[in-house]
Amino acid sequence: MRSMAKPTITPPPAAAPRGTRPARPAAKPAAGAASRDPRPGIGGMVPDDVADLVAELGEPAFRARQVGDAAWRSPAAEWDQVSTLGATLRLALAERTRFDTVATTSVLAADAGATEKALHRLSDDRLVESVLMHYPAGEGRRERNTLCISSQAGCAVGCPFCATGELGFERDLEVAEIVDQARHARRRLAAAGRRLTNLVFMGMGEPLLNLDAVLAAAEALTDPARFGLGARHITISTSGVVPAMERLTKMRPQWTLAVSLHAARDPLRDLLVPLNRRWPVADVVAAARAYGQETGRRLSYEYVMIDGINDTAADADAVVRLLRGSGAHVNCIPMNPVAHTPWQASTPERVSAFAIRLRAGGIGVTVRRNRGQEIGAACGQLAAEQAGEPPAPAVARRRERLVAESAVALRGERSAAPAPRGLQPAPRGRQPVPRGRPPAGGSRPRKAR
Ligand code: SAH
Ligand code: SF4
């Protein structure tokens with residue numbers, strides 16, 4: 001599926017929404033795709049909505065708690081399996097709501113079972129992925145089971161090393177579609193006697209371009225009466241949507257914010273994270289620092305390492321200059337190989353030299369190992385594969401373009417290409433980024449080919 005719709009960044013309202021808020025529909029459904037199921041997912045409904053529904057169905061109020069328990073505590077995977085509710089009520093609930101908004105079409109295991117990737121089919125046949133990673137207990141650490149979830153189908157930002165970026169933007173996920181990835185993982189873990197300990201928004205999509213739904217999902221996931229995960233166990237990763245970062249800062253949440261840095265200098269970041277053409281790296285880091293100061297949370301930066309592109313000593317020095325003194329921590333991640341790029345992962349020697357240079361500059365570093373390469377665990381890879389290969393000439397053209405653009409970036413020149421559509425180009429010459437609400441976009445995203 002290669003159709004795209006506009007990545008609307010319509011200003012979000014001041015407060016997180018209550019209950020299910022229908023996601024913005026994709027401007028153009030994929031050819032042949034099923035239409036979306038209009039019934040709200042129970043995983044996206046707040047307790048008051050459930051109470052209203054139960055009352056509308058003419059049931060006594062205590063049923064609302066039973067319905068909530070069925071959604072959040074039982075091993076059931078559909079209304080029909082909820083034995084605590086009568087058949088008539090189950091049928092009425094199934095008519096009005098969906099117990100589950102994401103079907104799992106396949107679960108692929110890798111790393112001797114320590115990594116599991118689930119491919120989820122949505123009601124309109126869009127595909128999104130979640131990845132479950134098991135970290136055994138050891139050296140004073142408890143066992144961890146971390147789930148990486150998606151916030152959008154596809155992504156408008158278009159980072160060229162990312163399989164999701166290659167897909168382009170399809171649509172925002174609904175609150176329940178986000179939450180249900182976690183409910184699925186919890187059921188799978190419970191069957192193995194394990195529990196979910198951490199959740200990261202590092203799957204498909206840019207969470208801060210679907211912020212209302214992500215906030216409502218995070219609320220459901222951390223509500224003790226619903227999913228009940230500790231807020232400190234949630235990490236939201238962003239490629240740098242500055243106004244949304246500022247909005248988050250005002251809310252002072254306890255989540256960890258991870259920023260996808262990938263380059264400390266604008267010319268290279270323009271290429272690797274095209275959003276940088278709208279919000280340059282210094283503004284992104286300033287917004288991240290403000291978040292860290294307000295929330296008291298440590299900041300973490302992701303740095304995907306691409307051989308000969310962003311892994312030189314000069315790149316490391318630029319990272320040190322940018323982040324010095326902020327208490328930031330950098331996670332260096334060798335690029336997972338994805339199709340359609342001319343690039344390779346940095347060698348272990350280069351990753352290690354880079355990390356040593358950062359540490360020498362006073363920056364905390366962790367070198368992350370790639371998980372599940374054999375199952376395409378870089379999020380978006382499976383969905384991209386399902387979408388089918390673009391024709392070979394298009395792949396060749398894309399590779400040639402990236403070679404030419406990286407040569408320009410490595411010469412230190414800013415990109416002449418526009419920011420992803422819907423995001424206005426950054427003003428040249430260090431003008432301040434406008435505060436507050438981002439401009440609403442009006443056009444469809446650029447598709448780099
Ligand atoms: N859109 C958000 C969150 C989803 S991407 C963001 O970009 O932060 C989550 C992380 O996966 C990002 O740090 C991203 O850079 C990384 N990633 C994407 N493609 C990758 C690849 N091929 N190899 C390694 N990491 C990758
Ligand atoms: Fe989107 Fe993140 Fe992939 Fe960039 S790395 S294209 S922002 S999902």
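Helices (H or I, at least four residues) and strands (E, at least two) are DSSP runs, numbered from the N terminus. Keep that in mind as you click through.

This is a predicted model, in which local features need pLDDT of at least 70, side-chain atom pairs count only at pLDDT 80 or more, and totals for chains, interfaces and linings use all residues. Residues are numbered from 1 along each chain as its sequence is written, chains are lettered from A and ligands numbered from 1 in the order in which they are written, and side-chain values use heavy atoms, with hydrogens and water left out.

**Stop 1**

Select Asp311. It sits in the loop between S10 and helix H10 (313-323). Is Asp311 buried or exposed? It counts as buried, at 4% relative accessibility. Buried means under 20% relative accessible area, exposed over 50%, and partly exposed in between (1.4 Å probe, protein chains only). The side chains of Asp311 and Ser346 are joined by a polar contact of 2.9 Å. A polar contact is a pair of N or O atoms within 3.5 Å; within protein, one must be able to donate a hydrogen and the other to accept it, and residues adjacent in sequence count only if both atoms are side-chain atoms.

**Stop 2: Ala345**

Select Ala345. This residue is in the loop between strand S11 (329-334) and helix H11 (348-360). Ala345 is partly exposed, with a relative accessible area of 28%. Ala345 and Ile333 are 8.8 Å apart in space and 12 residues apart in sequence.

**Stop 3: ligand 1**

Which residues come nearest? Of the 19 residues around ligand 1, they are Gly205, Ser237, Ser260, His262 and Asn336. A residue is near a molecule or strand if one of its heavy atoms lies within 4 Å of it.

- Gly205: a polar backbone atom is 2.9 Å from a nitrogen atom of ligand 1.
- His262: an N or O atom in the side chain is 2.7 Å from an oxygen atom of ligand 1.
- Asn336: a polar backbone atom is 2.7 Å from a nitrogen atom of ligand 1.

On its own, ligand 1 has 530 Å² of accessible area, and the protein covers 90% of that. Accessible areas come from the Shrake-Rupley method with a 1.4 Å probe; for residues, only the protein chains shown count as cover. Color strand S8 (234-238) and strand S10 (300-305). These are the elements that give two or more residues to the shell around ligand 1. By class, that shell has 9 nonpolar, 8 polar and 2 charged residues. Ala, Val, Leu, Ile, Met, Phe, Trp, Tyr, Cys and Pro count as nonpolar, Asp, Glu, Lys and Arg as charged, and the others, Gly among them, as polar.

**Stop 4: ligand 2**

Move to ligand 2. Around it are Cys155, Val157, Gly158, Cys159, Cys162, Gly165, Gly205 and Ser239. The shell around ligand 2 divides into 4 nonpolar, 4 polar and no charged residues.

Cys155 is buried, at 10% relative accessible area. Cys162 counts as partly exposed, at 23%. How many disulfides does the structure hold? The count is 0, with a disulfide taken as a pair of cysteine sulfur atoms within 2.5 Å.

**Stop 5: helix H5**

Select helix H5 (residues 175-191). Its end C-alpha atoms are 25 Å apart, which agrees with the 24 Å that its 17 residues should span at 1.5 Å a residue. The expected span is 1.5 Å times one less than the number of residues. H5 is largely enclosed by the rest of the structure, because 12 of its 17 residues are buried. Among them are Val175, Ile178, His184 and Leu189.

Zoom in on Asp180, which is in H5. Asp180 is buried, at 0% relative accessibility. Its side chain makes a polar contact of 2.6 Å with that of Thr101. Another, of 2.8 Å, joins the side chains of Asp180 and Arg183. Then step past the helix: Gly193 follows H5 and has a positive phi, near 75°.

**Stop 6: two loop aspartates**

Select Asp111, in the loop between strand S1 (103-110) and strand S2 (115-121). Its phi is positive, about 50°, although Asp111 is not a glycine. Asp111 counts as partly exposed, at 22% relative accessibility.

Finish at Asp125, in the loop between S2 and strand S3 (127-135). Asp125 has a positive phi near 75° and is a residue other than glycine. At 31% relative accessibility, Asp125 counts as partly exposed.
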